[in-house]
Structures are given as structure tokens and as C-alpha cells.
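Morning, everyone. Please put the sequence and the structure up on the screen, and we will walk through them together.

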Amino acid sequence: MVMTSFGVEENDARDRGGPAQPLLIVNGLKKHFAIRGGVLGRVSARVRAVDGVSFSVRKGETLGIVGESGCGKSTVARLLMRLIVPDGGEQIFDGEAVGEPRGITVAEMRRQVQMVFQDSASSLNPRMPVQNSIAFGPIAFGTPKEEAIGMARELLVKVGLNPALFGGRYPHELSGGQKQRINIARALALKPRMIILDEAVSALDKSVEAQVLNLLQALKRDLKLTYIFISHDLGVVRWISDRVLVMYLGEVVEIGPADAIYNAPKHPYTRALLASRPALDPDNRREEAPVSGDPPNPINPPSGCRFHTRCAHAEAVCSAQAPRLGHADHGAHLAACHVEDAASGHSQAVRH
Amino acid sequence: MSTATSDALPPPDATELSLPAQRGYWGNVGYRLRYDPVTLCFGALLLLIILSAICAPWLAPFDPYQESIIRRLKPPGYQDRYWLGTDELGRDMLSRLLFGGRITLTMGIVPVLVATLIGGSLGVVAGFAGGLVNMIIMRVTDVFYAFPSVLLAVAISGAMGGGGGKGMMAPTRGFIRPLCRVAETATTQVRNLDFVDAARATGAPLRLVLWHHVLGNVLGPVLIYASSLVSVSIILASGLSFLGLGVKPPEPDWGLMLNALRQAIYVNPLICAMPGIMILLTSISMNMVSDGLRAAMDVRS
């Protein structure tokens, strides 16, 4: 078996910071989309899609990002890949600032961070045999075509597809699960250290979803990968993630180890989100939605805590002042809620 | 749960891995074309027309400029030597049609080719860049479009003198904008698909992303539209010749011949129709071939 080229060397030359250095640190990431109106195309409003998001990802761990539709999860993924340009914030990849004069360039970062998109169909070129799609990245970086196609066929084996059968096929000849395997193979082609999975299994059937999740876990172990796993499916996120980050209206409301978040959620929004999962016991069926209404418009987000319009514990301080997530050691369980802050003046605030 | 993929395949042997025995994209297109008899027939016809125009000096039985008062407007087969008869000045129709093809095909194809290159690349750039760049490119081509083609042709020939090459400038300019629009629309549609983002996310240079992922998906509609413009271009060129701005009278040109012979329509309608039939055949086969090509380029067909 010719599989050596995708093994992991014990000492990866790209590992600059050592095991203690988080692979990715994001500080105050921000993206406001301008809405233009009128004859002159003046900016009439701004959508605060991502508003000051900070987190870090340690080497070899999986960070899950959850939240409702429209909370900015996918925008975060595209910002991290620099497919859209952030309006503010810094991104430090293995100790080096991305796109800064003395840091690492965006192109270099992209070689080490790859992405798998939600829509497995539209993320493959309909006019390209799938093995050419996989080989595109290596060819673009100077690998001879024959060799790159050979690598692509090895990767097909890695994701459980027979290259003789599937390599020359076009995307429309494959099922959704097979296409998503191809997308994963393409993401692996440049031997990345981190993969951002943006709703990568959400569009798949449950049985296929389980296969792909198992594949992802196996690849992570074999190739020493680090994942950012974005999904709205709480069960899947819990299963795959070491730590979980909860987003609401472009902000981080809670972050912490997966078990802590699921067993003892601190933020009222996280609690509502967890309670919204359908009960497995039909006698225990929940009749009322745990959180009512749609999320507020991100064009004019509520003042103070953005969740106060839907929160059962809202008080005057919640609409007046924005709660802070605070800083702590990596791995701590933090929530951006006044109830968690003894000095906030909230009547239910915990005393430490 | 922690085992490897649930449906992992047995490892394929080395021959399977090392053998990328497979046609490329264009190999596939050619393969599909072979099973399309209509396209093949019209392709052969088009090839015949082009080849006969190129080989006109060796194929033509007579001098296309040789006039004769006594054998004007003779029917096909006259004296067993004039196979397609003679025109209003007694010149051999076959020779004139053969030589006319050289000028007419050049006038029909070159402006479209040049306009496709210029308009197509402008459209792809505009569609891919979006925003301000898109607006500038599209508005500038709109401004050019607002100026009438024929008027510009008169201005060009007035300022620089007539002649073949300059006669092609006006139609070329007229075709740039619609081709630019078609390319821009197709590119805008493709640009927002995830596979372009995925290609960009590899960190590959933009030019490779455009070449491999955008162009292939834009080429189809542009090619179809351009081929339909060839017949328009032939007619436009003959119109300009009629105004004395393109080809000058003794030169054989299908459009010009059509114009000159229309006065003889009651005397010998068959002769009159001949240049028109040639234009028709050329544009039909052009359209059929490009349609077949588009179908062959669509991997889903």
C-alpha cells in the first residue's frame, strides 16, 4: 500500500510554537456588512454579523461552534479563511499574526487551514472529475499533475471511496455523502493542520452523517488534525467536540468544555438552546418552546445584553450594560451574563 | 464509534492507484461529440465552406473579375462550364462565391473573435471582481454601446480611409458590450458558488482559480452567443459594403453580391438567391456546431 505520503511525521516543521502554543487565537474578530441604499449607494445600515468574537483553539482539539441560524457561525468560518475580509480583530495562527507585516501571509495560512462547506453539491466544480478537484490545490502549488492525481487517488482511499470507481466521476454522479467525502479529501490534499467544518454534516442523512462523523474522527487521529466544527445540531457538536462555543447575534455568549456546557449551562440562552432539543421520551414531550420569537435583527441589535429581549431573567441592568465574557485560562467555562458577574448589580448575581 | 470509517473499502492494489487512465475534460467533450451526428454533419459542412474559401484560387474555374456583356445572368450549367451560372456583369458565379467566402468569412468571424476575447475577458473580470470594478466596466461598455455602429463606421472610414481591416472595427466594437454582458452574468452566477470559494481557500493564485474553475463554466453561454453573432456580423458587413464603407464593388463578397443581384430578381431568381443561401448555410452550421459543442461540454448530458 502506497500510503506513506499522507502519514504524519513526528516532528512537523510547521509546528513553530510547540504543544503549549494554541494553534489559533482569535481576538475581537469583527465583520459588519454595509447595506447600501438610495441613488448614491450610501451606507444606510450595518449588519453586525460578527461583533467582537474571541476564542482560542489548542493543537489537536475540536472546538464546536453552535447557535441559531443567522447568528454568524458561517461568517466566522469565512472570516477565518479570509474568504471575506474582517473589519477588525486579530487572528494568530501558531503564534504568528495572519496578514500582518511580520506574521504569516494569508496564502500561507490557507495552506495550513482548509474548509469543508455545508452544501456538498455546490462546493464541487460540476465540470471537473472529482479527482481533479481534489488535486487542484497541490497542482496550484507546483506538484506535477500526474503526481497530484496519484495523491488524490490515495486520499480517495482514505475517505473510503474506491479511486478506480469514483476518481473519474463528475459530482452529479455521486450521492450527497460521497460528495462530502470528496470535499473532505480535497480539504486534506494540502496536508492542513486545521480544518474548519462549516455545517459539514448538516445536509446529510442521519446514517450517512454518522459515517462521515466517524471518518472525521479517524482522520483527526491519524493525521493529527485540529477541527473547528460549526453546526446547529447540538447532539453532533457534543459528540465530536472537546470544547464548545455558543454564539448569539454575532457574539460569544458562552464557551467552555463540552461536558460542562451540556451538563451545567450558565447562560440563559444556552439553557434555552439545550432545552429546545426534542425529548426522546414521548410522554415527556415539551409543549412550549423554551425561547419565544425570532432572534432580533442584527442590523439594530438590542442594547446591553443582546439576549435581554428574550430572556426570562432580564432586569434593568441587562438592557443598560453589555455583559462581558471575561478572560481566563484556556479551557475555563465562561458565560457573558450579568447573573454570572457578582459585581453587575443583577439581583440574581452569584456571589463568589 | 471510535473505529475507522464504517464502510472502509479493502485497500486497492498498486495498479489501481498508479493508473490515472482517464480522458481529460476536452477528451470527454470530443468523446461525446462523436455520438452526435447532427453536429458532426454541420461541422463537416462548415469545414467544407471554410476550406473551399481558403483554396479558392485553386478551385475556382474562372477569374472572378472577368466580365462579359453577352453572357449576363445565365442559368446554372450554362455552356456546361458555368456550373452556377453568371451574375449581372457576366462573371462566373461559382468563382465569385468561392472568392467571396474568403472576404465574407473573415468579415464575419474576425470581429466576433476579437469582440469575444475583449468583451469576454472584461465580463469575467467585472463579474468576478464585483462592486466598483464591475460598475465601472459595465458602465463604460454601456457608453460605447450608446454610440451607433454605422455612424462610427462612417466616422472611421472618413478619418482613416476605407478598407477591409478598418471596416471590421465598427462591428467589433458593437459586439463587445453584449458579449461582455453575457460573460458578466455567467461569471456572477458561478462566483457565488462554494466551489470557487473552496478553490480560493486552497490559497491558489487567483489566475488559476479563474482558469480552472470559473472559465469552464462561463465559456458555454459565451460561445453560443458569439456563434449567433457571426451571421449578424456577415449581414452587418454587407450593409456597410452597400454604403461604400466596407468592401468595394469589384471585390466578391456575399453580402455585396446579394445587394447587387437583387435588381435581377425577376430575371433570374435562382442566381439572386445563391449568395443568400451561402450566408444561410454558414450561419446555420455555425449555430448548430456551437449548440452541439455546448451540449458536449455539459457533463450532465
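One definition before we start. A residue is buried if 20 or more other C-beta atoms lie within 10 Å of its own, and exposed if 12 or fewer do. Keep in mind that this is a predicted model.

Now use that on strand β6 of chain A, residues 113–116. A:Val113 and A:Met115 point one way from the strand. A:Gln114 and A:Val116 point the other way. Are these residues buried or exposed? All are buried. What does β6(A) pair with? Strand β7 of chain A, residues 194–198, through 4 bridges, and the two run parallel. A:Val113 stands opposite A:Met194 in β7(A).

Next, A:Ile196. Skip its neighbours within four places in sequence, and A:Ile196 is in contact with A:Ala77, A:Leu80, A:Met81, A:Val113, A:Met115 and A:Ile228. Now the core. The largest nonpolar core holds 154 residues, and A:Ile196 and B:Leu179 touch the most other members. Which helix gives the most to this core? Helix α5 of chain B, residues 93–129, with 15 residues. As a general point, nonpolar side chains tend to be buried together in soluble globular proteins.

On to the sheet in chain A. This is an open sheet of 4 strands, in the order β2-β1-β4-β5, with antiparallel pairing. Which strands are at the edges? They are β2 and β5, residues 96–97, and each pairs on one side only. Strand β4 of chain A, residues 88–93, is joined to β5(A) by 2 bridges. A:Phe93 stands opposite A:Glu96 in β5(A). Helix α1 of chain A, residues 73–80, lies across β1, β2 and β4 of that chain. Against β2(A), helix α1(A) runs at about 75 degrees.

Stay with β2(A), residues 42–57, and find A:Val57. Why does A:Val57 count as buried? Because A:Val57 has 23 C-beta neighbours inside 10 Å, and the cut-off is 20 or more. A:Val57 and A:Tyr227 are 170 residues apart in sequence, yet 8.5 Å apart in space, C-alpha to C-alpha. Beyond four places in sequence, the contacts of A:Val57 include A:Leu63, A:Thr226 and A:Ile228. A:Ile228 was also in contact with A:Ile196.

For contrast, take A:Asp233, in the loop between β8 and α8 of chain A. A:Asp233 has 15 C-beta neighbours inside 10 Å, so this residue counts as partly exposed.

Now chain B. How many helices and strands does chain B have? There are 13 helices and 0 strands. Of its 301 residues, 40% are buried. Take the contacts in chain B with a separation of 6 or more: residues 24 or more positions apart account for 69% of them.

Last stop, helix α3 of chain B, residues 37–54. The helix has 18 residues and reaches 25 Å from first C-alpha to last, close to the 26 Å expected. Its buried residues are B:Thr39, B:Phe42 and B:Ala53. Seen down the axis of α3(B), they fall within an arc of 75 degrees, so they line one face of the helix. On the other side of α3(B), B:Pro37, B:Ala44, B:Leu47, B:Leu48 and B:Leu51 are exposed.

How values were computed: Residues numbered from 1 in each chain as written. Chains lettered and ligands numbered in written order. Predicted model: local features only at pLDDT ≥ 70, side-chain atom pairs only at ≥ 80, totals over all residues. Expected span 1.5 Å × (residues − 1). Arc of directions from axis to C-beta. Core = buried A, V, L, I, M, F, W, Y, C linked by C-beta atoms within 7 Å. Contact = placed C-beta atoms within 7 Å. Pairing = 2+ DSSP bridges. Axes fitted to C-alpha atoms, helices over the stretch in contact; angles between N-to-C directions.
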